[in-house]
Amino acid sequence: MQFNKQVQELKVTGYTRLNPRHFVLELLAPEKLPVILPGQFAQVLVEGSPSTFLRRPFSIHTVDYSRNTIRLLIQIKGEGTRHLARLKEGDSLNVMYPLGNSFSIPTTKEVLLVGGGCGVAPLLFLSQFLHQQQIRPSIVVGFRTREEVSEIEEYSRYGDVFVTTDDGTEGEKGLVVDHSIFQKERLPFAKIYCCGPDAMMKTVARLARMHRIDCEVSLENTMACGFGVCLCCITPTDKGNERVCVEGPVFNINRLKWQ
Amino acid sequence: MADLSVNISGLTFKNPVTTASGTFGYGDEFTDFIDIGRLGGIFVKAVTGRNRDGNAYPRMAETASGMLNSVGLQNKGVDHFCREIYPKIKDFNTQVIVNVSGSTVEEYVEVAERINELENIPGIELNISCPNVKLGGMAFGTVPSMATEVTREVRNVYKKVLMVKLSPNVTSITDLAKAVVDGGADVVTLINTLLGMAIDVERRRPVLSTITGGLSGPAIKPVALRMVWQVHKAVNVPIIGLGGIMNATDAIEFLLAGASAIQVGTANFIDPQISVKIVDGIDAYLNKHKINKVTDLIGALRTE
Ligand SMILES: Cc1cc2nc3c(=O)[nH]c(=O)nc-3n(C[C@H](O)[C@H](O)[C@H](O)COP(=O)(O)OP(=O)(O)OC[C@H]3O[C@@H](n4cnc5c(N)ncnc54)[C@H](O)[C@@H]3O)c2cc1C
Ligand SMILES: Cc1cc2nc3c(=O)[nH]c(=O)nc-3n(C[C@H](O)[C@H](O)[C@H](O)COP(=O)(O)O)c2cc1C
Ligand code: FES
């Protein structure tokens, strides 16, 4: 097994349209997969347009070492993701991976995963990984509406899943952080892993502090390189400006300069 | 196999391909991807007198065929460089040049003096695109007299190869090139980033925290090439050319326009192996055209 970062041509071996805004790509590596940890991401080259000059970062959604494949869960945002949505089985994609740090291995079994929007992407891999450590986490995932609720069966294999939708068409109505699980006086968790929009992660961080629960969040940031050389993706931490693509994307909330 | 070596002010580079400051870190992030020993040289990230945190987020905006950055010379200062970084990079099997920046003439001089003591650093590259805090923030590199002064003061203390990197944000690049040669520059590097900006119309706000930032990438290549050509005709020192080089063909264009060596910048972000591919590409071009040595390409543009 290799620990190094790679730049490889991966082959699209699966394409699943979850709903109009989200799809999952399954990508086959030409060689044995490197060791990939939950929370790490890939930088994908989108060829064929001057406005997609830089690579696009995506979290690793799942890893299958036996089939030598990884999957990415992608939300359509702009030109680059629109182009990726048009890929077909058999196409190839230039990918740099695995990048960044990873979620830490918990020292407790009381684990909660919180994800919203495309922020759920790294949580499936994380729950698979926790499953291997004999940990069955609680997983709260938020979606806009019923149509976007997806992959619940997959999460359910590894944890107890709770759903929210903004419009209440499935699960509890409201944002992820409005879920009744958070309204209890004492939250039965010793570790929270969270990924999603900034505002949501900040709310989860506040709740975690209030309940004295250790919490890690996976940040997004504008990235040019993704492997630590351009210093474009910094976030202020207790050690000064650190790179989200190397020292992150996963940070313990105690290290971030969040109010 | 053609002879790829070039001589730049007495320094031998095994080939004309080097990497641009701020786009290659201190080299260590690239060892997963390439053998750094295959490059002619590397220009490491800017070093200033003291620690700088750089600018606030967001620092980057992608634009058509390029990107804007406002990193703001984030680095831990010259002490940290000499103590922590130098020991890790001093034995790279390539020429390691340090990019020197400052906000006052004194700061440039101080950093240059310290780097002068480092045995395995054969040269420095002065980044004069920085604002001069004593003169109201006007960049050293935009006023010829200021460019001459900072070059001369550094020349007085720096004994090895002195390169000066020019800013393209000027009306006459040749005036600036002449100004730094007058100040004692052995080599000129050009170009640094072009000042630009990007706007988010939904929020009606600038994309960058600093409003304006430096444009790099293929979008600036035609401007860079033109400036290299003009400077090649105007001064008699070797030129290191850069700006938007993405492949060997781009690199050869710079050599033909008069550059003795080239730097690969933003392209490293997209393909960290590109610099080595460019070395191979130049070699293939020379073989195809039955040219024995790469130096035969330098300034060989046919204009009649
Ligand atoms: C570490 C990391 C992991 C990520 N993981 C995933 C993932 O698993 N699934 C997923 O769908 N998306 C993920 N993203 C976000 C994804 O990279 C962007 O949505 C994508 O780059 C947009 O590309 P585009 O060309 O479609 O849109 P563009 O046209 O480039 O941009 C469309 C809009 O998205 C914004 N945007 C672009 N890049 C980013 C970014 N990096 N962060 C925040 N906003 C951005 C732009 O400002 C613009 O408003 C991740 C980002 C990071 C930094
Ligand atoms: C993220 C980033 C950081 C940079 N930092 C420096 C620097 O510290 N010192 C310097 O002289 N130039 C710096 N530059 C400018 C580059 O070295 C180069 O001159 C410029 O990007 C044009 O070349 P390119 O189009 O090949 O990137 C930086 C450029 C980028 C994109
Ligand atoms: S994206 Fe370049 S340092 Fe993080």
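1. By class, eight nonpolar, six polar and four charged residues make up the shell around ligand 1, where Ala, Val, Leu, Ile, Met, Phe, Trp, Tyr, Cys and Pro count as nonpolar, Asp, Glu, Lys and Arg as charged, and the others, Gly among them, as polar. The model is predicted, with local features needing pLDDT of at least 70 and side-chain atom pairs counting only at pLDDT 80 or more, whereas totals for chains, interfaces and linings use all residues. Residues are numbered from 1 along each chain as its sequence is written, chains are lettered from A and ligands numbered from 1 in the order in which they are written, and side-chain values use heavy atoms, with hydrogens and water left out.

2. Ligand 1 is surrounded by 18 residues, the closest being A:R56, A:P57, A:Q75, A:G80 and A:T81; a residue is near a molecule or strand if one of its heavy atoms lies within 4 Å of it. An oxygen atom of ligand 1 lies 2.7 Å from a polar backbone atom of A:Q75, a polar side-chain atom of A:T81 is 2.4 Å from an oxygen atom of ligand 1, and a nitrogen atom of ligand 1 is 3.2 Å from an N or O atom in the side chain of A:E220. The protein buries 75% of the 860 Å² that ligand 1 exposes when taken alone (accessible areas come from the Shrake-Rupley method with a 1.4 Å probe; for residues, only the protein chains shown count as cover).

3. Strand 4 (56-59), strand 6 (69-75) and helix 1 (79-85) of chain A are the elements that give two or more residues to the shell around ligand 1, and strand 4 of chain A gives the most, with four residues. Helices (H or I, at least four residues) and strands (E, at least two) are DSSP runs, numbered from the N terminus.

4. The site of ligand 2 is shared between chains, because residues from chains A and B surround this ligand. Its shell has 22 residues, the closest being B:S21, B:K165, B:G217, B:G244 and B:T266, and by class the shell has eight nonpolar, 13 polar and one charged residues. An oxygen atom of ligand 2 is 2.7 Å from an N or O atom in the side chain of B:K165, and an oxygen atom of ligand 2 is 3.0 Å from a polar backbone atom of B:I191. Of the 610 Å² of accessible area that ligand 2 has on its own, the protein covers 95%.

5. Helix 6 (residues 248-257) of chain B is largely enclosed by the rest of the structure, because seven of its 10 residues are buried (under 20% relative accessible area, with exposed over 50% and partly exposed in between; 1.4 Å probe, protein chains only). The buried residues are B:A248, B:D250, B:A251, B:I252, B:F254, B:L255 and B:A257, and their cover includes helix 5 (221-234), strand 15 (239-241), strand 16 (261-264) and helix 8 (274-288) of chain B. At the start of helix 6 of chain B, a side-chain oxygen of B:N247 comes within 3.2 Å of the backbone nitrogen of B:T249, while the residue that follows the helix, B:G258, has a positive phi near 125 degrees.

6. B:N15 lies in the loop between strand 2 (11-13) and strand 3 (17-19) of chain B, and B:N15 counts as buried because its relative accessibility is 3%. The side chain of B:N15 reaches the backbone nitrogen of B:G40 at 3.0 Å.

Conventions. Contact means heavy atoms within 4.5 Å. A polar contact is a pair of N or O atoms within 3.5 Å; within protein, one must be able to donate a hydrogen and the other to accept it, and residues adjacent in sequence count only if both atoms are side-chain atoms.
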